[in-house]
Amino acid sequence: MTYSGVNRSTSGLTAEDNYYGEGQEAYQSELRQSSISPEVSEFLYNLLEQILFTTQEEVQDKQRKGELSRLYDNYFYLSDKYYQLYRWPTVEEVSRHLNIDSEIEGWQISIFRRLYSELFIRHSLELSESKAPAPFSYSDYCDSMDIYLGLFNLLLNECKEPLNFDLPSQWIWDIINGFLKHHESFLIWRSQVKKRSLKERQLLRDSDNLWTVELVLNALNTLIKFSNINEQLEAYHKTKDPEAAKEAGNKYGRQPLYRNLGYFSLFALLKLHTQLGDFHEGLLSVKNIRITHQTLTRMTIPLSAINLVYNMGFCYFMMRRYLDVIRVFSEITQLTQSWSLGQGSISGEQIMKIQVELIVNKCNKILAFITPLIPQNFDDKTTKSLSRITTLNEAISTFRLEELRDYFYQCCPQFLPTTTPDYDNLVDQSESCVEHQWEVFLSDYIPQMFIPRVRGYLKFYASLPLSKLAEFLASEYAEFSQEQVEKYMIPNDIERLRSFLMCYKHKMYSPVWMGDSPLEGMHRSANDLEFYLDGDMIHIVERKKRDQTYEESFVDEILKLRDLRSQIIKPNQSFHQAQY
Amino acid sequence: MEEIKDILSNSKEKSNPGKSEVLQQFVLTQSKENTYCKEANIILLKMYTLFPECHHNLTVCLILLKALAALPETDFVLCKSLIPHNKHNDSGIARIFKMHQFLERCQFNEFWLYLKENEDIIKGVTGFKESILTYIKGVIKLTYKSLHRDMLSKLLYTKGKELDQLIAKEGWKLKENGTVEVRSSADFAAIASKQYSSFKEFSVQSISNSLYLDMNQ
């Protein structure tokens with residue numbers, strides 16, 4: 001442990017590093033450990049060494065990358081061991097510790113500093129969200145913005161040529177995801193005006209360009225453009241040949257580092273737009289990604305795959321494309337079985353397991369809104385998890401809206417309060433975003449809440465007069481007051497029932513994905529029960545039980561085999577594969 | 001038009017408040033010429049959420065009416081998600097929300113009556129009523145095998161000769177007892193059997209993809 005012995009104030013931070021100075025008050029003694037333990041020290045030396053080495057051309061092989069991902073796992077292990085209550089040492093302390101000061105030239109050193117800063121700030125944010133007494137401050141947010149933008153700039157602009165450098169995909173995903181997390185955290189922190197001190201409010205008032213949505217959108221779009229990932233994916237869909245896709249890449253896009261950065265930025269863009277309530281733009285930003293069993297098994301980073309599927313599913317959910325929600329979600333429940341999560345002792349994996357489960361739970365809750373309307377045949381795993389949440393059926397048929405609201409709040413993404421808060425009147429607006437989306441959803445959902453009961457009756461008949469069904473429903477909904485009947489349009493008379501049956505048909509007739517871009521689709525009826533009106537008589541079309549054709553029994557058998565295979569062959573754990 | 005294309009294809013321009021004027025103008029053009037560009041309108045609404053100082057109520061109303069005319073698509077719900085809560089009480093916006101509710105719940109007669117009282121709001125949107133009629137006809141085709149002429153008249157808010165012309169144009173048959181035949185029952189049976197296999201279609205497709213890739217590995 002050799003300190004360079006240079007006084008902090010004169011340690012000669014380069015101009016680009018100046019902004020770290022601002023945040024130092026926050027890292028005062030109580031937030032960090034005073035000395036660097038030997039184990040951490042070894043980690044830091046190894047990390048520096050690896051970064052210096054991997055950038056040399058002759059050692060660009062898989063072994064090196066494996067070494068980096070081992071180190072990355074080690075980072076989680078050390079965070080767990082030494083930094084559960086404290087922040088990691090600042091980048092200046094580390095530089096001093098490793099005896100690298102700004103006089104040492106070379107972008108490798110800058111990369112090391114930037115990457116380390118990112119690990120540091122990401123960990124600090126996580127720390128501030130746990131119980132530890134280390135809240136994120138205004139200057140921390142300033143720092144985090146500079147760290148991320150600095151890292152992206154270093155990777156893209158500051159060099160005229162692409163860097164000859166690579167990182168494990170998991171690390172890249174975590175960087176992109178961390179970038180979004182800081183943005184989200186800042187917007188929420190800012191919107192909680194009541195909790196902000198007078199000084200903080202003054203600082204916020206004076207800085208309207210800190211962590212803005214445009215800034216994040218621009219950064220992600222720049223990464224996507226540089227890596228020309230969209231062009232590569234298009235080429236891949238045309239030819240189904242990963243080589244042809246690489247051909248389509250420019251000098252940046254051909255490198256795994258940039259391709260992965262671009263690829264994950266697409267996921268991030270989808271997530272961000274979803275959080276802003278722009279579900280159309282969200283799906284548009286992943287227009288070149290197809291969710292199939294095949295593509296999903298190729299995604300080696302479980303968290304990225306599950307985030308993609310969840311956000312797409314939620315967009316479909318808000319667009320009332322229920323069959324598509326069911327399709328993407330049932331793929332993911334199959335996949336989670338094949339990921340060997342949380343079996344290692346590494347804390348990184350444990351965290352990942354918890355996060356994956358959290359999102360799978362959300363997916364199941366979304367499905368709970370849909371299954372009462374469209375009973376489908378799910379695979380066993382989904383059915384099992386759904387059996388735990390069938391209580392929603394009750395809530396839907398009896399209009400317990402508060403219960404439904406709680407459910408929606410639990411399964412929706414964190415919506416972002418984008419408008420600058422009113423610092424004088426101190427009204428918290430973080431709640432109002434999700435409330436708004438809930439109301440939009442509810443007004444679309446209410447007319448569909450009669451479906452389960454009506455379906456129940458229709459199933460028993462071949463034909464049924466409107467008046468008879470209206471009578472049945474009137475007795476079902478007898479406990480509702482006239483006011484409620486008007487408000488929810490409860491179909492307990494012929495006129496309202498007629499409207500409802502049309503509405504039923506209309507709501508269940510939506511686009512279904514047919515293999516192209518996620519937004520495209522052909523209109524299909526999601527009804528499993530076909531009926532029509534002949535004057536005032538409802539006729540239910542009997543579905544003839546057909547003999548299973550050869551084709552269908554083959555498909556069934558192949559599907560069984562596929563599931564079996566995906567359980568036996570775990571997805572390739574090697575860190576570099578073309579991820580299409 | 002060139003400028004619009006530029007905004008649509010360049011993701012950086014999508015969050016540039018300087019472009020709101022152009023997009024606003026484009027909404028007017030769409031309303032006048034009865035064209036529709038969902039992407040551009042959604043981009044503009046998003047801009048309003050990010051830069052509330054640009055917000056322009058009249059444009060929002062026009063966008064909503066255009067989205068209403070796009071029924072049965074869910075464009076209106078998408079737009080609604082992007083309109084901040086505090087704007088929902090604006091009289092224009094609130095009235096269009098009401099119209100949307102009638103249409104979504106298929107209370108068509110109520111919708112026409114409401115529209116008659118609020119005719120002023122759709123001024124400037126060319127072809128609005130025609131688009132709504134197309135939507136309603138679509139819903140009728142989904143639901144009815146046959147219905148009485150009087151009922152049809154109520155749903156479409158069309159009477160006499162005009163209604164007869166409409167029936168003839170759609171190829172529906174008017175019987176002597178006043179019943180209008182919309183579709184045959186065989187049509188519905190066909191829909192039912194199609195629905196059955198739609199899930200298998202996905203499976204077949206994803207299997208053929210995976211077989212293809214397996215062979216190439």
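In the predicted model, helix α9 (residues 149–156) of chain B and helix α10 (residues 160–170) of chain B have axes that come within 11 Å and cross at roughly 95°. The two helices, α9(B) and α10(B), are therefore roughly perpendicular (65 to 115 degrees) to each other. Their contact (heavy atoms within 4.5 Å) involves B:Arg149, B:Leu152, B:Ser153 and B:Leu156 of α9(B), together with B:Gly160, B:Leu163, B:Asp164, B:Leu166 and B:Ile167 of α10(B). By class, 5 nonpolar, 2 polar and 2 charged residues form the contact of α9(B) with α10(B).

Over all chains, 51 aromatic pairs (ring centres within 6.5 Å) were found. The rings of A:Phe112 and A:Tyr116 have centres 6.5 Å apart and planes at 20°, so the pair is stacked (planes under 30 degrees apart).

A:Phe399 lies in the loop between α18 (391–397) and α19 (401–411) of chain A and A:Tyr488 in helix α23 (residues 482–488) of chain A, so the pair ties together parts that are 89 residues apart in sequence. Relative accessibility is 7% for A:Phe399 and 9% for A:Tyr488.

A charge sits over a ring (NZ of Lys or CZ of Arg within 6 Å of the ring centre and within 35 degrees of the ring normal) where A:Lys505 lies over the face of A:Phe531, at 4.7 Å from the ring centre.

Residues are numbered from 1 along each chain as its sequence is written, and chains are lettered from A in the order in which they are written. Local features need pLDDT of at least 70, and side-chain atom pairs count only at pLDDT 80 or more, while side-chain values use heavy atoms, with hydrogens and water left out.

Notes: Axes are lines fitted to C-alpha atoms, for helices over the stretch in contact, and angles run from 0 to 180 degrees between N-to-C directions. Helices (H or I, at least four residues) and strands (E, at least two) are DSSP runs, numbered from the N terminus. Angles under 35 degrees count as roughly parallel, over 145 as roughly antiparallel, 65 to 115 as roughly perpendicular and the rest as oblique. Ala, Val, Leu, Ile, Met, Phe, Trp, Tyr, Cys and Pro count as nonpolar, Asp, Glu, Lys and Arg as charged, and the others, Gly among them, as polar. Rings of Phe, Tyr and Trp (its six-membered ring) pair if their centres lie within 6.5 Å; planes under 30 degrees apart count as stacked, over 60 as edge-to-face and the rest as tilted. Buried means under 20% relative accessible area, exposed over 50%, partly exposed in between (1.4 Å probe, protein chains only).
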